[in-house]
Amino acid sequence: SWPVDPSELDRALAGLTGWSGGTDGISREVQLPPDRHEPLLNQVKAAEAELSHHASIDERDTGVVFTLRTRSLESVTELDLRLARRIDEAVAAVGSGGRPG
């Protein structure tokens with residue numbers, strides 16, 4: 001997997017939900033009640049296992065922050081974008097767009 005260039009990243013971010021950042025890393029904060037964290041993280045872990053790629057995950061009281069980049073390249077790659085799409089799907093499945101209620 002190769003680093004994506006800035007224009008490629010901009011196009012990809014336009015198609016994702018709530019992600020921001022640059023070629024050195026993208027992140028998304030998902031606001032969810034604490035009881036929805038585990039179902040979300042279980043789905044994300046399944047996606048990570050399938051793609052053999054991992055997100056940096058920071059659980060907070062207000063939700064979960066996902067950060068993606070390919071550490072070996074210190075850059076965002078197509079694999080990161082694929083995992084971002086899978087995280088978006090998991091959020092949509094677990095909560096109404098990641099918002100409580």
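Which elements do the buried residues of α1 pack against?

1. This is a predicted model, in which local features need pLDDT of at least 70 and side-chain atom pairs count only at pLDDT 80 or more, while totals for chains, interfaces and linings use all residues. Residues are numbered from 1 along each chain as its sequence is written, and side-chain values use heavy atoms, with hydrogens and water left out.

2. Helix α1 covers residues 6-14, and its buried residues are L9, A12 and L13; buried means under 20% relative accessible area, exposed over 50%, and partly exposed in between, with a 1.4 Å probe and protein chains only. Seen down the axis of α1, these buried residues fall within an arc of 100 degrees, so they line one face of the helix; the arc is taken from the directions from the helix axis to the C-beta atoms. On the other side of α1, D10, R11 and A14 are exposed.

3. To return to the opening question, the buried residues of α1 pack against β1 (20-22), β2 (25-31) and α3 (78-94). Helices (H or I, at least four residues) and strands (E, at least two) are DSSP runs, numbered from the N terminus, and contact means heavy atoms within 4.5 Å.

4. H53 lies in the loop between α2 (37-51) and β3 (56-60), and it counts as buried because its relative accessibility is 9%. The side chains of H53 and D80 are joined by a polar contact of 2.6 Å, a term for a pair of N or O atoms within 3.5 Å where, within protein, one must be able to donate a hydrogen and the other to accept it, and where residues adjacent in sequence count only if both atoms are side-chain atoms.
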